[in-house]
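Subject: Structure handover

Hello,

Please find the structure below, followed by notes on what was found in it.

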Amino acid sequence: MTNHDTHITALFADDAQAAAAVGALRQTQWPVADVHGPIPSQAISGALGIKKSGVGWFTLAGGVFGFFLGYFLAVFTSARWGLIVSGKPVLSYIPFFIVGFEFTILFSVLANVLGLILLMRLPAHRDLPRYRPECSADRFGVVVSCRQGEAPEVRRFLTELGGEMPEPADTQRDL
Amino acid sequence: MQNAKSRIIPAALGLVLIGTVAFGWSLAAGHPAAAWRAYLVNFLLFSAIAQGALVFSAMMHTVHAKWSRRLENLAESFAAFFPVSFVLFLGLFFGRAYVFPWMHADLHGKEVWLNVQFLFSRDGIALLVLYGLGFAYLYYTLWFKVDAYNPVTGLQLRLTRLWARRRPDPEKYKHRRYVFGVLYLMAFAVVLSLIGFDLVMAAEPHWYSTLFGAYTFIKAIYVGFGALLILAACTHASRGTGFLLSQSEFIDMGKLFFAFCLAWADLFYCQLVVIWYGNISEETAYVITRTMLAPWNRVAWAVFIVCFVAPFLILLNRRIKAVPWFMTCLCGLVLIGMWLEHYLLLGPALAGHNSASTAFSAGDVLIFLGFAGLLIAAVTGYLRQFPGMLDAAPGKAEAEGTD
Amino acid sequence: MEKLSFAEIDNTVNATLEPPGRMYWTVVALLFCGVLVGAACWGWQILVGIGAGGQNSPVNWGTYLINFVFWVGIAHSGTLISAILYLLRAGWRNPIARAAETMTVFAVCTAGLFPFIHLGRVWMVYYMLPVPNQRTLWPNFQSPLMFDVVAISTYLIVSVLFWYTGMLPDFAVIRDRAAGVRKKIFTVLSLGWTGRYEQWRHYSRGYLLFAALATPLVISVHSVVSWDFALGVAPGWHTTIFAPYFVAGAIHSGLAMVLTLMIPMRRIFNAQRIITMHVLESVAKTIVFTGLIVGFAYATEYFIAWYSRNSVEMEVFAFRSTGDFALQYWIMVICNSLVPLLFFIKRIRTSILWLFAISIAVNIGMWFERFVIIISSVARDFLPHAWGDYAPTGIEYGIMLGSFCLFFFLFFLFVKHLPSISMTEIKELQHQAGTHD
Amino acid sequence: MDRRTFLKLAGMGSLTFASACTLESEKKLYSLVKNQDDMVSGKANWYAGTCRRCPAGCGVLAKNREGRVIKLEGNPLHPVNRGKLCIRGQSGLQAVYHPERPKKPRIKQDGRWQALSFEEAIVRLAEKTRSAAARGKNRVRMLTCLEGDVCMGLFEKSMAALNGTAPLVFEPFSHEHLRTANQAVFGVSGLPSYRLENADCLVSFGADFLETWLSPVEYARRFKAMHAYADGKKGRFFYVSPWRGLTGANADAWLSCRPAAEAVICLGLIRQVLARKGSSGISTQVARQIRAVCQPYTREKVIEFSGVDPSGYDQMAEALLRAKDPLILGAGTLGRGRGDLQANIAANLLNFVLDPQLGKIDFTRRHRAEKAAGYGEIAAFFDQLAGNPPDVLLLNNVNPVYALPPEMDTSGILGSKQMFTVCFSNFMDETAQRADMVFPVSMALESWDEYGAYPDLLSFCQPAMKPLYGAPQIGDVLLRIAPDGTFENKDAKQELISRVQERWGISDTGAWLQAVRAGGRFEHAEASAGASGPAVTTAFQSWFEDPSELIRSESLLFAALPSVRFFDGRDAHIPWLCEIPDPVSKVAWQSPVLMHPETARKYGVRTGDGINLINRSGAVSAPVYETRYIQPGLAGIQAGQGHAVPGKYSGGRGANPFSLFSLKRPADAKTAFYAADPLRLEKSGQRQKLASTAGSMDPHGRKIALTMTLSDLAAPPGPEKHGLAMHDFPLTLPMPEGYDAHRDFYPPHDHADYRWAMVVDLDRCIGCSACAAACYAENNLAVVGEQEIINGREMSWMHIEHYQQMDRPDQPIFLPMLCQHCDNAPCESVCPVFAPHHNKEGLNNQIYNRCIGTRFCAQNCPYKVRRFNWHDWNWPEPLNLQLNPDVTVRSKGVMEKCSFCVQRIKTAHGHAKDENRKIKDGEVIPACVQTCPTGALVFGSLMDADSRVSKLVKDRRAYQVMGYLNTKPAVIYLKKVVHEIR
């Protein structure tokens, strides 16, 4: 696919159409480079055949780490002091659970965010050229890559599928 | 299929028989204390299951959840145990000498609240109210589910006659159902708290914990949902019925079960940490006997692992929730755990702190089976009366929602 | 909910970001003055000592902790709405989730100030941080106050991240519609979000996990707050029901605050079509629910106190309802558990006026609940000889005023500069509704 | 003599140091480069002296650190107080360091004060006196407070030289009625001492021997000797009076009666005794007269006239008749009316008929207070001043303007231009304000003197520090102003030495040093001659008249009540005394009008209402305080406050009851009285919040201050308690054995060598609050002032809680409350920074530097003994000089509390380490324990099996306050023992 040198974006009014278009394009030799949309959509993900995200593993790891870190901190500090308060054992595990728990949450969340940033490759501004501002508003943009020559054909194809073609000026910008 | 089903009730009744015999035997054989302890424990557990299961239906209606219709139908079937439960409660009266260890203790003025007559009258009334509301709710919710034009069973016929008395007005029924649903939930909270205070907490008259009531009814929901899951899985699995649940329904149900597992553990910890930290003997003695000192500490650990650690770790996984047979085992395990938990709470008090009392005799198990039999019989009987509940697309009159 | 086109949604929300008028800035300025008053009072207190307040022996804790608990409580419903209701797939949360989360963030900030204000030697506060030091002095992780430190800071971090993550797609929307410097700002804020489906799949999953984590967090945080009291031995404090009771109370007050904020907001930004009556009604119903829990807790506490036959317990509860603080007590009971019952009546829970009035009542009631709990217990604890009284001083009122001003100051800044309604989530809602009708 | 005493004695410095030690020392760092041979910085020197806060004359040890006295303790060798001090004695230091103490003499010129140097002042004074003396007889007069023999001798000598008459001794509390009564009955015009310790039944008709009567510390000790529970017995004590002060609060029964009706009751008792026992051992003629006197007082009459509760009266009569060694005490110090004289006489007679030998009255060991002039003499003296004013009037440490009835117009007289009034005083009180010259002389702790409270008792005052402002002592002043050649000695010290040598025969330096170190000569002081009372005269009849006027009066009567804190008012300016509340009313800083609720209702007022009390003599205004401890129809104000002078502490604070009295001189002029005419009550309109430290005095049935009856104790002990509830919870020692696996989540923990603990015997505690004062002095406790007390912010680490006994309302019981140093202290674990924690010797440490002021510990302390520094409290100079250098001064924002005087424990550790041994039992004595006049407090280590505390905690009476909270307090209380109510 190296010689696909241009991208054509078609905007669809709703995700069903977009999904259909993606499905149709799957039959052609033109690969779907990308689909942008204002909301997550089962239909489109389905059409693209996207798998479940793996961000959960980050979260889980973070949680486990956090739990032990929290407990360790509490135990370690108390042990360093070794002071008896209220006759309670220096290492009183029952209340320490609270610390462990809070750390669990904290670190799962941090790991979760970390995971998202890594997986979504954010912050990223290099995708913007291909991207149509309408896609954040009310349009689902399907980006197709093809050769310069095939562009009109692709455009026609997409229009038949109900996609609107933004004026070429914008598409030129993509080159 | 018919015979597959027809085998259930006799089997259940068989269990009941076994249980009764075991109970009678241990009474006769001179272990009345043990027998009545088992009776109380099982009464509490199985009533809680029934009451908790109906909560599912009522709750889902009140929050207008749409994904859970089919499960609600099953949940309602547990209401069939209510009458049994009430009779069993009255049965306690004959064992009062054994189930109320405070009867001859010095109560430092608690006599005002803790005396047999008052206790039985208030708890009896409470249960009547609870069950009454439950049935009222059922009465209005069934209206949407039973096809009034061809009632297939006697009970349905009787119901349709009742309904026929008034002009069928969906709005009114909807509203009534809603109201009684809410009322049932409120009554559930109050009544189960009362039962928890009177039949469990008061077993150690010096001890008190404000959270115990809430702990009791959250526990009831936990076990109720567990039982519901088992029932769902079984009916789902049994080829006889057209009853099939989607994966997402199982998963959502599993999530709820998981949620209440956490809730139960939370309330448990809330009591433990406060009492541990406060270190006031009036409170600690109770907990120490049950969690720190042999022999009961072993039971405590068992309960903790079976009812929390295991379900927690397992249910973290999403997919496992959709495996019916596995969920059945897990929930069964949890129910057993809760059975143990009741022993843990009541045992030391009823056995007068003698350490040998953790050993569960065969009697305990058999009596448990007996009660289980009662529940199964009741539920199956109900489903017999309303086969429509097991249809793939049940009910009329309402837009079927999905999640 | 009536049909709205995505464009309409964007327009409505972006309209809220139009440059504000003079009126707005006057209000903001006034609020800022209020903040300054509070700061001045605090400064004075640091100068002369905590004695500037009304605390004494035995009532060593006063309005500072009352306000602390109050604000943390306010914060919680934000998380409830954005996380718990998200898990329960309650559609009506979407229109108010953003505002609620914001409320959470600012309420936690406000609440977070009070432990500092409360301290006798605030300049030594870093003793509470587990910073490795050459004298190996560590904080005491057995202390409920350390649980607080851990819980509250966790809560702040998590709710800020949750808030930001939720706003990411909306930043992109604004970026694409804005021009000039604002475009630049939002380009940075949106981290180059493009709504690629590659992003969406991680985003949805991540957001779900966020919600799943925030839920136990919010419960734990207010449990920890409740344990500041319940782990002590003071009668009326040392009671096991506190954790769930506080959580419910927190959500109760928070939901009321949501109504208090939403009702004017939807009016000002005429977002009635997004924040519909149905939404407010659902909040009202939830308030009934939490109100019932709180009422149940009051009743249980009372019953157990009576049941215990423990003279100390009984005395405290008798004192609460009949003693020096009886007025506060009955305000609490009526506003928190009786007044919300009015929401059972459809006419009331669908009347803006009633909704607003009752939400205010609940806010007041919940403030007094904290007052009753914190003050009345120690005022009548174990040794009658030590019994005492308490009344806040001007300094305390000043600081309280400051805290309210601070909260609203931040909230005002927010509504005009960030999307106060989640466009993406409304769109999803519309989209679902669309597919299912 | 215990070890501590020995250490102290060893520490007592010699004269060389005493006179040389200097204040400048701690101003500069290098000041101690050249320091006195026996002065080691960081080490205390102890100097024996005599307390001069009241005529009782207790022996003190002054603790000197780096040149300044920082603490007073009783001298263990001294026969009067045996090492104990009262609240006033403990506070004496603040009189020395009082910020308002004049630094220089001042002279009044055309209405304005001008400061003088001491030298100038003496010169000017000398001119005046000598020229006056030259002008004729009695041109120089002197009025002095009660001084020691040597000092008095010196006064007399110089007055004689200035050809004036001997100085007149003025003590507001002169006990004149007692003296007159003794004269009338026993023909002894003096104040014998009473052997309370030998009595088994004691009846007091108002004698407040725990507050101000004769010698409070001594009588507290003697009282407890008969009234504390010991081997199954406990004496009875009845208190008959219209009000119930501290003494009355310690009585087994209080019989309230109409004012001035005590005599009636007493005569009624005499009648019964004679009827029952007959008059064996009494000469028939005396007996006849006694009979004649008491004939009319039948039981019915007594009850009718006195309004006493019949059953109570019968119980008392019964007890008295059954008693083996009954002893009767007469009216109280402040009894000034005719009724009190009668009460005293009747009491004497009753003593006589009960025990004709008068075995429990010691006529040889007579109180020095008897030397004070009578009301009549004082009145006459001022008449003379008014009639024919001398040229110079010397006033030594007296305040007649405050203490005498307004109608005597003392202030006018002293203010008169004709005479030059010199006031030797260390406080600008009412009298000093009116003087022409105020001459601050050095105080007892700064000067050489001698004051023996009893004959043959040599008790020194020596300079424990250099005079704060370099003032000379009064002896030197008089020695200088007397004509030259009057004295062979060059100064008062020499005078003292020579007098002591000739009187006590101390010739050689060794003996002298020995005496000075010990604080005096105590050998013979205790020995007293045969107890046989003198022959009873028959001069008493004429004193009694028809009592029927007692019941006639319907109007509101007034009484001045004794105060354990302020005595006669000379101490009203001392911060600690103002700050520490009255043990019975628990009101600090103020002197409210005590009133029975009925009375209050009758006049439509309630606690806190401001009222004005007005009668012929004057008017006072004060808030109402309703109490059932006073007879209906009577209004009472505690004496001591209400000074009409500027002053931070005493100025315009409270009300002066004396200003409602007037002088009564009967025609027969046998003696004068002070009496208050009936009152008119006016509401002033404004309300005043009372500075009370008590929330509620009702124990609400809680396990706080418990009692046991004698029969309980006689009965065999019941079964061990094993319950969990408040009242059946066992005693759980703060030791490993205090833990029970079935009750305790937490494992027991051991302590290193010591587990400090305290035992408080409620049966011995009389509530005098001396412990509180000692704590203020030892631990640098802040004085917060009236308003902050009202705000509930007092800083006392140790305070007396006043409760009603649970099973018998209106029977007070005092509970010393301090940090309980619990083994499971709830305060500790809640602190986020470990500021409070459990140390290895069981102490509940509070690390001030670590505290960040969350105040959670205080919230969680069930005993509410933690004190927070709400502000930076200040010690106006030079009060700061009193601060104990061994104890941190806490700044704002930190929590503090009783430390069991950890600084003393540390010192003991030091000694023990030096001698490498363990600390002995009784070696560590916290300030409160040290000063307790009745030995109610015992301190020690529970890990030492033979320590006194270890033994006492095994006592059947032992319990822990609110023990059911499982805090395992280290302060164990012993229940008060009470007599059955019959």
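Helix H3 of chain A (residues 55-81) gives the most to a nonpolar surface patch, with four residues. Helices here are DSSP runs of H or I with at least four residues, strands are runs of E with at least two, and both are numbered from the N terminus. The patch covers about 680 Å² and is made by A:Trp57, A:Leu60, A:Val64, A:Phe68, B:Leu313 and B:Leu316. Patch residues have over 30% relative accessible area and no salt bridge; like charges are joined within 9 Å, and nonpolar side chains (Val, Leu, Ile, Met, Phe, Trp, Tyr) within 5 Å. Areas come from the Shrake-Rupley method with a 1.4 Å probe, and for residues only the protein chains shown count as cover. A:Leu60, in helix H3 of chain A, is partly exposed at 43% relative accessibility (buried means under 20%, exposed over 50%, partly exposed in between, with a 1.4 Å probe and protein chains only).

On provenance: this is a predicted model, in which local features need pLDDT of at least 70 and side-chain atom pairs count only at pLDDT 80 or more, while totals for chains, interfaces and linings use all residues. Residues are numbered from 1 along each chain as its sequence is written, chains are lettered from A and ligands numbered from 1 in the order in which they are written, and side-chain values use heavy atoms, with hydrogens and water left out.

B:His236 is in helix H10 of chain B (residues 212-237) and is buried, at 19% relative accessible area. Not counting residues up to four places away in sequence, B:His236 touches B:Phe243, B:Leu244, B:Leu245, B:Phe250 and B:Pro324 (contact means heavy atoms within 4.5 Å).

C:Glu425 sits in helix H15 of chain C (residues 423-436) and is buried at 9%. Leaving aside neighbours within four places in sequence, its contacts are C:Tyr86, C:Arg93, C:Asn94, C:Ala97 and C:Tyr207.

Sheets in chain D

Strands S17, S18 and S19 of chain D form an open antiparallel sheet in that order. S17 (449-450) and S19 (520-521) of chain D are at the edges with a single partner strand each, so one side of each has no neighbour in the sheet. Strands count as paired if DSSP finds at least two bridges between them. S18 of chain D (residues 458-461) is joined to S19(D) by two bridges, and D:Ser459 has D:Gly520 as its bridge partner there. Helix H19 of chain D (residues 492-504) packs on this sheet and touches S17, S18 and S19 of chain D; its direction makes about 170 degrees with that of S18(D). Axes are lines fitted to C-alpha atoms, for helices over the stretch in contact, and angles run from 0 to 180 degrees between N-to-C directions.

Elsewhere, strand S9 of chain D (residues 201-204) runs parallel to S10(D), with four bridges between them.

Salt bridges

There are 76 salt bridges over all chains, the criterion being a side-chain nitrogen of Lys or Arg within 4 Å of a carboxyl oxygen of Asp or Glu. In one of them, D:Arg480 pairs with D:Glu119, with the closest N and O atoms 2.7 Å apart. D:Arg480 lies in helix H18 (residues 474-481) and D:Glu119 in helix H4 (residues 118-135) of chain D, so the pair ties together parts 361 residues apart in sequence.

D:Glu778 and D:Arg904 form another, at 2.8 Å between the closest N and O atoms. D:Glu778 is buried at 1%, and D:Arg904 is buried at 9%.

Regards
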